[in-house]
Structure formats: C-alpha cells, structure tokens
Amino acid sequence: MTPNQLADISLIAVYSAIAVYVLAFVAFTLDLSARSARVIAARDAAASAVAVRASGGSGVGTAVLERPAVAAPPSRRDSRYQRIGTALVIIAWLVHVTGAVIRGFANGHVPWTNMFEFAMIGTAIMVGVFLVLNLWRDVRFLGTYITGIVAILLGVATVNFYVQVTPLPPALQSAWLVVHVFVATLGTGFFAVGAGLSILQLMQTRRDRGGLPRWNFLATLPTAGQLESVAYRVVVVGFVFWTFTLIAGAIWAERAWGRYWGWDTKEVWTFIIWVLFAGYIHARATRGWRGSRAAYLAIIGFGAVLFNYSVVNLFFKGLHAYSGL
Amino acid sequence: MLDHRPDDYADGVAAAPRNPRLGPVGWARFAWRQLTSMRTALALLLLLGIASVPGSLVPQRTSDPNGVVMYQQRNPELFKTLDALGAFNAYSSFWFSAIYLLLFISLIGCIIPRTTHHLRSLRSAPPTTPARLSRLPSHRVEHSAAGPEEALTTAHTLLRRSGYRVVRYDQGDRITLSAERGYLRETGNLVFHLALIGILVSIAIGSGFIYSGQKIVLQGSSFTNSTINYDSFNPGRFYVDGQLDPYSFRLDSFEPRYSIEPRTGRVTPQEYTARVTIREQGAAARKGIIKVNEPLDAGGTQIYLLGNGYAPSVSILDPAGKVIDTSTTPFLAQDGALTSLGVVKVPDGLSKQLGLRGFFYPQPVQTAQGIASIYPDAGRNTLLSLEVWQGDLGLNKGVAVNAYSLDTTKMTKLAGRNAPVKALQLTRGQTVKLPNGLGSVRFDGWKRFIGIEIRHDPTKVPMAVLVSLAVLGLLVSLFVPRRRVWVAATKDGSGARLEYAALARGDDPRLSDALASLAWQHLDRLGERPSWTVGPDRDAGGSGARGWSSS
C-alpha cells in the first residue's frame with residue numbers, strides 16, 4: 001500500500017473514533033442524568049417517609065420537608081449507561097490509537113509533526129490517561145467531560161487541519177522530536193484530566209454552599225476534598241512531564257537554532273504554562289489558596305495549554321512554525 | 001516552595017493582631033517578612049506568568065528584529081508608546097526584571113531559614129510520641145501474644161529496615177517508638193530551588209561571555225572567523241577583541257534534497273547538507289558536514305546551518321559592451337519553491353547610480369497572477385526578472401544600509417510595473433539592454449548560499465548540571481513521602497496491646513496503606529495471623545481498589 005492509501009485508512013479510523021466518542025459522550029451524559037434521577041428518587045423516598053411520619057402523628061401540622069442529607073448514593077451499582085459509555089470509550093480509543101499507528105507507518109516517522117497529528121496524538125493520550133487513571137480510582141464520572149472535549153478537539157482538528165503525508169522537513173529531523181513533542185502531549189493529557197477534576201471540585205464546593213441545586217448527580221460524586229486530592233496527584237505528574245518538555249525543548253533549540261532559550265512565542269507560552277502549574281502546586285501550600293483558588297489555577301493552566309496549541313500555533317509568529325497548514 | 005513553616009503546620013484562624021509601633025528596623029523586618037512570605041512569592045510567581053504574555057504579542061528585538069521594524073512602519077504612534085514601556089525588549093525590561101528579581105529574593109529569603117531548619121532536623125531525633133495516638137489521621141489497634149518488649153524490638157528492626165529513623169520513648173507502662181522517614185523530600189525541594197537560583201546566576205554571569213554572529217557564505221567561498229567578516233555580530237558584555245579563534249572554512253558544496261507531494265504539488269525540503277573544509281590553527285585541514293540539527297564544532301564555537309538560498313550572478317555592461325561590474329548577490333527566499341527576492345546595486349561605472357530589484361525563479365511557470373516558481377531546483381528555465389531604478393542609491397552618507405532593500409526615494413523607475421519599459425527577464429547566459437541606452441545586463445548564473453550562525457556559549461555545561469539537579473530535586477520532592485510513624489505497646493494480659501499511628505508531612509496518598517502494611521508485617525513477624533491482606537489493590541484498611549477514601 002502506498003503511504004497515501006495508508007493515510008486514508010488512518011483518516012477513516014480517526015473519523016470512526018470520533019463517531020464512537022460521540023456515542024460514548026451520549027452514554028456518559030445519560031449516566032449523569034440517571035445519577036440525578038437516583039438522587040431525586042432517594043430524596044423523595046426520604047421525604048415521603050417524613051410525610052408519613054408527620055401524618056401519622058397528631059395530624060396537625062405541615063410536614064417539614066427538609067432536604068435530607070443524601071450523602072451516600074442510593075445504589076453503588078454501576079448504571080447500565082456508565083458500563084456502555086466505558087465500553088464505547090475503550091472501543092473508540094483502540095480505533096483511535098490504531099489510526100495513529102497507521103498514520104505513523106504512512107509517514108515513515110512519528111505521527112506528531114503537524115497540528116492535525118498533534119491533535120490526534122494529544123486526544124489519544126487524554127483518553128489513555130483517563131482510562132489508566134480508572135485502574136487506580138473510579139473516575140468514570142469524568143467520561144462526559146473527556147469524551148466531549150476529545151470529540152470536539154479531534155473533530156475540529158481533523159476537519160480544519162488535516163494535511164497529507166509529507167516527509168519530515170530538516171528542522172524536525174531529530175531524535176528530540178520524538179521526546180519533546182511526545183512528552184508535551186503526555187503532559188497535556190494529565191492536565192486535561194486534572195482540569196476536569198478541578199471543575200467538578202469547584203462544582204462540589206459551590207453545591208456545598210447551597211448552589212447548583214439542580215445538579216443532583218453531584219451528590220453521587222466524591223467530595224470536593226477528595227476530588228482536589230486526586231486532581232493534585234494527576235496535575236503533579238503532568239507538571240513533571242511539562243518540565244521535561246521545557247528542558248528537552250531547550251536542548252533541541254540549542255542543537256537546531258544555536259541557543260537554548262530565546263523567548264520565541266512558543267517558548268514563552270510553554271514557560272507561562274509551567275509557571276501557572278508551579279503556582280498551582282504552591283497554592284496548595286499557601287494559606288487562603290488551597291481549595292477553590294488552586295482549582296481555578298489548574299483550569300486556567302489547561303486553558304493556556306489549549307491556547308498554546310491553537311492560537312499560538314496559528315496566529316503568533318515564531319520559530320515553531322510546524323502547524324503544517 | 002517558599003514556605004518555611006513545617007509541612008504539617010495547620011492553618012488556624014489567626015486572632016486579630018495587635019499592631020505594635022514599628023521603628024525603621026521594625027519596618028524593614030516587616031517588609032522582609034512580607035516579601036519572603038508564601039503569599040507574596042505565589043503572587044510574584046503568577047505575576048511572572050502574566051508579565052510574560054506581552055512579549056509574545058509584539059515582536060521582540062532579540063528574536064524577530066525585522067518584525068519590530070515592520071511594526072514601527074505600520075503603527076508609528078503606538079510603537080513609540082510601547083517602545084517606551086520596553087515592550088519590544090519585554091524580557092529585559094525593567095518591569096519584567098523587577099518581578100523575577102523580587103521573586104528570586106523572596107525565594108532566597110525563604111530558602112535560607114528552611115535550609116538551616118532542615119540541617120538541624122537532619123541531626124535531631126524524631127519527636128516524642130503523642131499521648132493519644134488515636135487522634136492522628138491514620139491509626140489502628142492490634143493485639144499480640146508476644147509481650148510489649150519483644151513486640152517493640154521487632155518493630156524497631158522493621159522500621160529501621162524500612163528506612164525510618166527510630167527513637168524509643170518509654171512512658172511508664174507504655175513503651176513507644178517514634179520514627180520518621182523521607183527527609184529526602186525536603187532535601188530535594190531545597191536542591192530544586194537552589195538549582196533555580198543557580199540557573200539565574202549562571203545566566204546572569206554567563207551571558208556576558210556568549211558571543212554569536214551571522215554570516216552568509218556562498219558556495220565555493222571561504223569565511224574566516226573574525227569580527228569584521230560577520231554580517232552581524234553580537235558580543236556579550238565581557239567579550240574582548242581578539243578573543244575569536246581565527247579558524248576558517250570553505251563551503252565546498254551545499255546539497256539540498258526536496259520532495260514533491262503529487263496530489264497537492266506542495267514542495268517540502270527533505271535534507272540540507274553543507275560540506276565544508278575547516279582549517280584551524282596548528283591543525284591539518286579537515287572536512288566537515290553541517291546539517292540543520294547537527295551543528296559543527298570548530299575553534300570553541302558551534303556553526304549552525306540556519307538558512308539557504310540562491311545568489312544570482314549579474315554583470316553590467318556599459319554602452320560599449322565592456323563589463324563594468326560583476327556581482328553574485330544573495331537573494332532572500334520568499335516561499336518553499338525558493339522564489340527569491342533581492343537587490344543588485346551598481347554604484348560606479350555608469351553616468352548615474354543604478355539599482356536592480358527583482359525576483360529569481362528557479363522553476364518558473366506562468367500563472368494568471370504572474371510568474372511563480374514551482375520547484376526549488378534551478379535549471380535551464382531559471383528566470384531572473386529585474387526592475388531597473390536610476391538615481392541616488394543613498395550609499396554615500398556613510399550610514400549602514402540594508403543590502404536587501406533598495407531605497408528608491410531618490411531614484412526613478414526605468415523598467416518594471418508602472419514604468420515605461422516592462423521588467424527585464426533573463427535566462428542564464430542571456431544579455432538584455434537596459435532602458436535609455438544605459439548599457440546592458442547579463443545573467444551569468446547562480447550559486448547556492450547558506451546562512452550560518454556561529455556561537456560560543458560557555459553557560460551550557462553549568463546549565464546542564466543545574467537543570468539536572470533541578471529535575472532530580474523536583475522528582476524527589478514530589479514523590480518521596482515524608483512520614484512520621486509511632487508504635488506503642490502496653491501490657492495486655494500475657495500479650496500486648498499494640499497501637500500504630502502515622503502522620504504525613506505534605507501530600508501523601510499512600511499513608512494509610514503504608515501504615516496497614518507496616519502493621520501487617522509487624523504482626524507477621526510476631527507470629528500473629530493478621531486478619532487482613534496487604535497489596536497494591538487490596539483493601540488494607542486504607543483506600544480500597546479504585547475507592548475514594550477521605551484524604
């Protein structure tokens with residue numbers, strides 16, 4: 001098969017993966033709504049018990065409908081939607097990774113040399129991190145967030161940034177391409193999951209203060225403190241990868257451009273992201289910054305990663321002109 | 001990082017402080033306390049991130065000098081304001097420097113007390129066992145048939161083997177062990193931050209010794225490493241004249257390789273190879289290769305291949321047909337197919353000065369928009385298209401003039417767009433008459449050229465060492481857990497009642513698991529049969545498989 005035929009097969013795989021991610025997204029969303037329904041049902045049951053007790057009494061009063069503390073989810077059993085969503089996301093991921101590998105064979109070099117390929121690999125790693133994290137802690141409730149963000153990123157990149165297979169330009173012919181870009185995408189995967197957990201942490205915090213009354217599924221999720229603790233561990237791993245990205249990039253820049261640091265736009269943004277996450281780690285040890293403020297930093301940090309990938313690549317002038325467009 | 005409170009310091013609600021009267025020393029101490037506080041450090045860190053943004057929005061003099069000139073031409077008014085604020089040298093501007101200097105002072109102010117504190121704690125024994133271990137976050141009670149003394153001896157050995165520093169405290173009937181591990185966590189943290197300070201210092205000092213220069217070298221010609229031979233040269237603060245090692249090299253050949261994508265016709269370079277012969281002092285000439293990611297070492301410098309292009313050779317003939325000027329001028333590539341733009345200046349030999357500005361098309365095709373090059377290899381069809389200007393080139397003012405642009409303010413256009421005569425078009429070997437009987441132009445051929453950067457950077461080795469230390473310190477400080485563990489034994493019938501408790505200093509997700517595992521091993525050695533199992537994914541009294549324990 002010619003490289004172009006292989007690339008076409010890879011593209012079909014990527015489109016198929018997007019479709020299955022969308023289906024997984026639907027399943028995970030249905031799971032969240034099922035969780036909400038379970039919480040409401042439990043609350044109604046508790047409320048009617050109170051009402052029965054009230055009417056069985058003197059018959060005087062109004063039943064006092066307190067919001068019962070629904071701390072524990074009524075049923076720890078997985079919902080069917082969650083199992084379907086998990087199965088779908090695994091299938092989508094396998095197809096996705098296969099597509100990426102085929103693209104690599106079509107290229108004759110690693111499949112992360114232009115924006116389309118960055119998106120393909122970056123999203124595959126996001127899902128990979130999500131799946132592996134599930135072996136340690138059950139974070140399937142993040143499925144909606146992960147599949148949603150991955151379907152959008154991969155879809156937008158494939159439709160707008162797709163390029164044919166091209167040989168590696170001299171600037172990218174370096175072993176550092178393999179290390180630097182791959183480690184950067186690994187870091188991105190961890191930051192994506194960390195940001196998802198931090199978003200939920202903020203939602204839980206708001207709910208604890210009486211906000212978000214209709215987001216009932218939150219009652220079935222871990223507490224804000226638990227989410228923060230896991231988010232921190234995930235982000236710290238991402239931070240280590242990002243540090244390696246920065247260093248590997250500096251070493252490569254020294255080989256390619258004759259200086260290890262030159263405040264090129266991409267270097268600047270990689271540095272800004274590093275500083276944001278360094279700030280996040282320190283925020284967790286600073287009075288008044290632990291909790292919500294730290295969570296905002298993790299989310300802003302991931303926002304900066306997305307900005308670095310999209311806006312900086314497309315609109316900022318710099319030496320990292322590898323969008324392939 | 002900048003916190004010198006112990007890791008297990010609990011943030012309480014501070015009582016409203018009474019403000020004492022402060023003298024000058026008091027104020028200085030207050031300011032120092034504020035600057036070295038964790039909050040200030042965090043604020044400075046985040047400010048550093050924000051202050052990095054503007055420099056990415058406007059071109060920088062260091063990385064994109066042409067961009068700065070273009071910006072000035074497009075927005076002259078805005079340029080003045082921004083330039084006054086240092087926006088075009090953002091990373092050496094006063095505001096950026098102020099932030100990172102304050103940050104590093106804050107860091108130093110925090111590192112020093114923490115280092116002394118850590119050195120002291122490295123030499124001191126773990127603290128006494130608390131009276132009520134059950135109040136600690138991780139705690140369990142077990143029983144053994146063995147007596148307290150035997151149980152404690154076994155625990156002592158076990159803890160020592162697991163890397164704990166152990167001290168025994170006897171509290172009446174209750175005999176206890178207090179143990180601590182993970183001092184490396186704080187060591188790593190300090191090493192990381194000290195390495196960061198080292199990086200800043202070595203940049204501050206080392207950058208003065210860096211020098212670099214750019215040069216365009218034509219195929220077949222030579223370059224000698226001396227300041228006057230550079231097209232541009234950037235010496236560091238501590239550079240002294242005559243410091244350059246006077247080696248020379250000749251560009252023997254430049255071999256580019258391209259590929260074309262059949263569906264889109266897009267051309268991409270595949271490989272650039274510059275072959276050179278180097279002559280260093282006191283050494284035989286040697287051959288070398290420079291590639292894009294493979295600089296060449298010579299005379300304490302590295303030679304980098306940064307660009308390449310075509311330099312057309314043009315001869316000017318006077319009306320009598322005598323050659324008055326022959327030059328080979330580098331043209332700058334405008335696209336992937338190396339359509340190149342350049343200027344040939346003819347200051348002498350004709351009645352008035354002459355300027356030729358034009359495009360070099362390696363493989364020209366006629367399109368609706370005009371001529372375009374479709375492939376970067378030059379050949380039989382290669383075309384040179386020239387506009388002709390006559391007048392004052394502006395070279396006599398003694399001011400440096402950009403070799404790649406033509407200042408046409410005092411010149412008249414004789415040929416080209418909107419001129420009486422169309423642009424002159426020449427293929428190799430062709431001679432074409434200049435307008436107004438000025439003479440003629442001959443296109444003799446072309447040479448490849450390469451753009452190189454030569455650089456001497458003595459900061460590389462210290463940087464590599466410091467960065468490695470920083471990474472090592474970071475990994476250790478993030479992933480080595482620091483824990484205190486206590487074991488207490490009291491007589492209980494013929495056996496002993498055993499209490500285990502643990503406290504994390506800093507983030508420690510596996511604290512409960514570690515305590516459970518320790519208790520299990522201890523009981524196992526005492527010949528007991530613990531009622532639970534320990535493993536990475538078992539419920540060991542701590543967090544279960546994929547479960548969400550409280551943290």
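## How to read the model

Residues are numbered from 1 along each chain as its sequence is written, and chains are lettered from A in the order in which they are written. In this predicted model local features need pLDDT of at least 70, side-chain atom pairs count only at pLDDT 80 or more, and totals for chains, interfaces and linings use all residues, while side-chain values use heavy atoms, leaving out hydrogens and water.

## Confidence

The predictor gives the complex an ipTM of 0.86 and a pTM of 0.86.

Where pLDDT is low, the predicted coordinates should not be read in detail.

## Where the chains meet

Let us turn to the interface. Here 62 residues of chain B are in contact (heavy atoms within 4.5 Å) with 68 residues of chain A. The buried area, meaning the accessible area (1.4 Å probe) that two parts lose on being put together, summed over both, is about 5500 Å², and carbon and sulfur atoms give 61% of it.

Between the chains there is one salt bridge, a side-chain nitrogen of Lys or Arg within 4 Å of a carboxyl oxygen of Asp or Glu. Glu254(A) and Lys460(B) form it, with their closest N and O atoms 2.9 Å apart. Elements giving two or more residues to chain B's side include α2 (38-52), α8 (183-206) and α9 (460-479); helices (H or I, at least four residues) and strands (E, at least two) are DSSP runs, numbered from the N terminus.

## A serine in chain B

Ser178(B) sits in strand β3 (residues 174-181) of chain B.

A polar atom of the Ser178(B) side chain lies 2.6 Å from the backbone oxygen of Pro127(B). The side chains of Ser178(B) and Trp486(B) are joined by a polar contact of 3.1 Å; the term means a pair of N or O atoms within 3.5 Å, where, within protein, one must be able to donate a hydrogen and the other to accept it, and residues adjacent in sequence count only if both atoms are side-chain atoms.
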